[in-house]
Amino acid sequence: MLAIWLLTFSLQTFANRLNITVIDENNKPIENAVVYINESLAESIEKVVVIDQVDKEFIPYVTAIRRGSAINFPNNDEIRHQVYSFSNSKNFELPLYKGNEFRPVIFEKSGEVPLACNIHDWMKAYIYVVDTDKFDLTNSEGKGELVNLKAGQYEVLVWHPEQGADVSESLQTVTLGNSPQQLKFTLAQTPKFKAWRAPKGFKRRGY
Amino acid sequence: MNKIDHQKSQNQFFKKWFRFKHFRSRIIVFILILSLPIQLILFLIIQNANTVTARDNIDEALQVTADVFINAIAQRRDNLLGKVRALSADYAFKPAAHTNDHKTVLSTLLSYQQRADADVMLLLTMNSDIIADTKHPELTEAPFYLPQLITQATNNEYGEADMIDFIDGQAYLVVAVPLFSPHPSHWIIMGFKLTDEFSLSLQKNTKSHVSLLFNSKKPVVTGNHWQQLSSTLSDAAQLESEQALGKFLIAFNHNFDLVLVGQNFVSRAIKIEENKQGHFVALLQRSLEQALLPYQQLQLVVASVFFVALLLLVTGGIFIARKITRPVTVLTHGAKEIEQGHYDFTIDIDQEDELGKLAKGFNSMAKGLADRAKVRNLLGKVVSPAIAEELLNKGVELGGEERQATIVFCDIRNFTSLCENHDAKQILTLLNDLLTRLSGVIDQHNGVIDKYIGDAVMALFGVPIVDKQQAQHAVLAAIAMQKEVSRINNELVYNMEISLGIGVNSAFVVAGNMGSQTRLNYSVIGDGVNISSRLESLTKYYGVPILVSDTTKQLCSEIAFREIDTVRVKGKKKGLTIYQAIAKKEEISAIEARKTQLFEQALVFYKKQQWQDALIIFNELLTKNPTTKYYQIYIHRVHELKRHKYNAEWEPIFTHQEK
């Protein structure tokens, strides 16, 4: 992440950028929202991204990649994990494994890919595949930025896992000149059901 | 007025119902009136306490049942949720669900439904559209028919919901759980039919009847608002329960009585769940009769004690009453004996109490009465019964009072010569017999014997008991006495001829007890007594059986008299006219009447000193009745008087020389 940030920072002197804030209806910042330019670039493997499995959790929770990229799923736990997704973008399964048994998985289709482990219900992660190289994830303050933008008109979209409406409804058009611009997204969140987590502080209800 | 009438009728009521013929009944009724209410109150208190305790027990038990029931429902929901939750996490299910293919999903659901032993299972999209429904296999792409379940789940932090509701008219416990894959992608719905088994399993744990009912806001098919869903009651009781509940407003979580098929059930209703159509109610019931069963034994014992006590009381009452009434009966019998004059009757009651004292007193009283009767008897023999009565009533006191009395003197003529010719014993027998019979005659005519003076009898009439016809009674007694003597003579028992001379006089005399303080005699004194005695002695002279004074004659309207003479009584200037008593006027014969008429005519001549005229009649009378002594006396007297010249101052009063 630091590498990406350093890269974008170094580029900002050469081109313009968009500073984006994503908040919910209660004016609270939304973390882990994917902000990106609505365009259709050809797929390309830019790099292999890693989604780690540590202490029965996927890390990070949300990962945004350019279509065609590959993700490696190393298992750093003592126990075996399984990785699956029934998403339309990528329906796949990595049967129970340890360490780094499998080759990275390539994501050829844009869209959301919820991930889970079939033996740990709470283990959950999201991959969001985009058709652009200009995308970012909001931080804990709900802020993200799109850099290296030449002057012109852009369509900007936001996606995050608990988004209530279709992603297209978030679309905002912005005309960028020579100076950086601010862009603000307010998103409705659907209630997020808790999945039952067994080992940590699990108490049976009602018995 | 009404008040008085009311009181009267009340008194009559008490008199009618509380007038006892036997003391025993009174005591028993008294005991019963005292003890019955107390016993009855005790019995009722115990019965009430039993019922209260039984109700308390039921109350407690129903509270426990209610707790168990609520717990059981929660447990059941958790169980069901657990099952569906497990299913939603089943990795094998997820790919099947994600096919979103109606037939594949339906098939999967049927398999899982069987595995979970559920009655219905559905898979919905997150938008509540049915993908497949095991109860309606053809149904797909239609909105879910229990939208409120999804609404409830959406508002839950885990996305879970459970509720009781109807599917095709049958009650189900349904749950909804999201399918995480890992994002919530579908709703899984599972339902369990609420059958009698559900109630039975609860009854097994709580020993109470458990019914599940739906109280609809709109009347259901039968017109009733209540519908039985499951119950441990009999079908008949269920039907009655539905109808009974419809009739009154139920207070939830409070006990109320419900009579079903003749049994009283203490019932408690608990609201389980409410929806737009109405609410689901659990009805928990326990039979009051069954709860009272252990107390019936106690009640039986109490009732037995009650009856035994009653029996003892009545027996005791009878015993006590008998103890009291037996002496009373003996005393009553004794009083009757005394009343009949059996004074020697004594009562034997061996008791130290009041009744024993009463018996002793009674015996003393009887002895006193016996003594008194003895005295009275003796007195009656010594003195005349009337005098005896007077003495007993007025007391024996010296002194007297002036009273009109008629005194009768009776004497046996020639008693001295009679005595000379017969032995004393014979005379005494005769005398006793004669005096007894004469006394009887005197008694019959209301006279009393004053005294016997040798062969003479002095009798009183008009004293001590006032008698307005005393003179007539006395004269009639004299006539009867003469007849009695003729009868004795005719009986020829004594071989001697007895004749009586009787003198009767009425006068004011002093009557009373006379004599000394220690020895006294009820008698009369006065001139009249002497005159009576004098008249008796004159009977012999004139040869007539009965002589009465003018005073007596005036008082006897029913008796025929014949004037005999006018005599001078000692100390009196006026002469005393004396009469022979002949008979009752109605009984007088024509000859006797003629004789009286003639004699009295002669007396008129005699008083006028027409001696010749008088003599003619006297002689005529004597010729016809040669034995009549006073004819001879007058003939003799007229011959004497004829010798003297007519004397205007002559009084026709004869002075007897003898005493």
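What does the accessible surface of chain A come to, and what share of it belongs to carbon and sulfur atoms?

1. The surface of chain A. Please keep in mind that this is a predicted model. The accessible surface of chain A comes to about 11000 Å², and carbon and sulfur atoms hold 51% of that area.

2. The make-up of chain A. You will find 17 strands and one helix in chain A. Of its 207 residues, 46% are buried. Among the contacts in chain A with a separation of 6 or more, 64% are between residues 24 or more positions apart.

3. The interface by area. Chain B and chain A bury about 2000 Å² between them, with 59% of that on carbon and sulfur atoms. On the chain B side, the residues that lose the most area to chain A are Tyr91(B), Tyr158(B) and Pro182(B); together they make up 33% of what that side buries.

4. Who takes part. The contact draws 21 residues from chain A and 24 residues from chain B.

5. The chain B side in detail. At least two residues each come from α2 (23-88), α3 (93-99), α5 (147-154), β4 (170-180) and β5 (184-193) of chain B. The largest share, four residues, is supplied by α2(B). Sorted by class, this side has 12 nonpolar, seven polar and five charged residues.

Definitions and conventions. Residues are numbered from 1 along each chain as its sequence is written. Chains are lettered from A and ligands numbered from 1 in the order in which they are written. This is a predicted model: local features need pLDDT of at least 70, side-chain atom pairs count only at pLDDT 80 or more; totals for chains, interfaces and linings use all residues. Side-chain values use heavy atoms; hydrogens and water are left out. Buried means under 20% relative accessible area, exposed over 50%, partly exposed in between (1.4 Å probe, protein chains only). Contact means heavy atoms within 4.5 Å. Accessible areas come from the Shrake-Rupley method with a 1.4 Å probe; for residues, only the protein chains shown count as cover. Buried area is the accessible area (1.4 Å probe) that two parts lose on being put together, summed over both. Ala, Val, Leu, Ile, Met, Phe, Trp, Tyr, Cys and Pro count as nonpolar, Asp, Glu, Lys and Arg as charged, and the others, Gly among them, as polar.
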